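Subject: Structure handover

Hello,

Here is the structure I promised to pass on. Please open it next to this email; my notes follow below.

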Amino acid sequence: MAGLFLPLCLENGYVSWYSNCEPTRHFTTCEKHNVSSIEKENLMKILLVDNDPVYLSLMAEVLRLHSYQIITAPDGEAALETLKAEPVDLIISDISMPKMNGINFHKHVRADERFKHLPFAWNSGYRELREIVDIDNPTIDFKLDKALPVPSLLHFIADIKKRLEEQNAAATA
């Protein structure tokens with residue numbers, strides 16, 4: 001992949017160029033946004049699940065740069081174990097993965113009382129796979145295209161975050 005450059009427009013005109021899947025300049029969430037450890041506890045936590053390590057790494061970095069806490073897993077089996085140990089606010093999962101695919105992972109999440117309320121987004125580059133996924137509850141189950149532009153993905157996540165905040169406010173009122 002020598003000479004491969006992937007531009008990622010992140011925010012407010014800031015563009016990060018990745019060469020050979022290595023960032024030319026790496027900003028951590030805290031460095032870019034000056035996030036304190038107290039504020040970090042209040043950040044939305046997202047579990048990203050994908051067996052493509054390049055895609056997983058790039059998406060994790062993009063979302064960290066936008067002040068989200070990111071946990072990653074390479075397949076549904078590892079994601080389920082991670083989820084049991086680390087609570088999250090949103091799951092974004094590939095569909096086609098080894099060990100446990102995204103469809104079976106979703107079934108396990110929905111069957112568990114601790115996780116059945118979590119927003120879950122299937123994320124696939126294959127339209128055929130997205131079409132076979134059944135949406136049980138359109139208020140918490142979603143389908144995304146891996147080719148979705150970053151600003152659209154960020155808008156989707158911000159909408160989920162807003163809904164969660166409204167639900168929490170209503171529950172505490």
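Does Pro74 count as buried, exposed or partly exposed? Pro74 counts as partly exposed, at 44% relative accessibility. The cut-offs are these: buried is under 20% relative accessible area, exposed is over 50%, and partly exposed is in between (1.4 Å probe, protein chains only).

Before the rest, the ground rules. This is a predicted model, where local features need pLDDT of at least 70, side-chain atom pairs count only at pLDDT 80 or more, and totals for chains, interfaces and linings use all residues. Residues are numbered from 1 along each chain as its sequence is written, and side-chain values use heavy atoms, with hydrogens and water left out.

More on Pro74

Pro74 sits in the loop between β5 and α4 (76-85). Helices (H or I, at least four residues) and strands (E, at least two) are DSSP runs, numbered from the N terminus. Leaving aside residues up to four places away in sequence, Pro74 touches Asp50, Asn51 and Met97. Contact here means heavy atoms within 4.5 Å. Pro74 and Leu56 are 18 residues apart in sequence, and their C-alpha atoms are 8.2 Å apart in space.

The chain as a whole

The chain has seven helices and eight strands. Of its 173 residues, 42% are buried. Among contacts with a separation of 6 or more, 54% join residues 24 or more positions apart. The chain exposes about 9700 Å², and carbon and sulfur atoms supply 54% of that area. Accessible areas come from the Shrake-Rupley method with a 1.4 Å probe; for residues, only the protein chains shown count as cover.

Helix α7

Helix α7 covers residues 150-172. It has 23 residues and reaches 33 Å from its first C-alpha to its last. That is close to the 33 Å expected at 1.5 Å a residue, where the expected span is 1.5 Å times one less than the number of residues. The buried residues of α7 are Val150, Leu153, Leu154, Phe156, Ile157, Ile160 and Leu164. An α-helix has 3.6 residues a turn, so residues three or four places apart point the same way.

Take Ile160, which is found in α7. Its relative accessible area is 2%, so Ile160 is buried. Not counting residues up to four places away in sequence, Ile160 touches Met44, Leu90, Pro119 and Phe142. Ile160 and Asp89 are 71 residues apart along the chain, with C-alpha atoms separated by 8.9 Å.

Where α3 meets α7

The axes of α3 (residues 53-65) and α7 come within 12 Å and cross at roughly 60°. Axes are lines fitted to C-alpha atoms, for helices over the stretch in contact, and angles run from 0 to 180 degrees between N-to-C directions. The crossing is right-handed: the near helix is turned clockwise from the far one by less than a right angle. Met59, Val62 and Leu63 in α3 meet Val150, Leu153, Leu154 and Ile157 in α7. The residues of this contact divide into seven nonpolar, no polar and no charged. Ala, Val, Leu, Ile, Met, Phe, Trp, Tyr, Cys and Pro count as nonpolar, Asp, Glu, Lys and Arg as charged, and the others, Gly among them, as polar.

Two loop residues to look at

Ser67 lies in the loop between α3 and β5 (69-73). Ser67 is not a glycine, yet has a positive phi of about 65°. Ser67 is buried, at 18% relative accessible area.

Lys99 lies in the loop between β6 (90-93) and α5 (102-111). Lys99 also has a positive phi of about 65° without being a glycine. Lys99 is exposed, at 68% relative accessible area.

Best wishes
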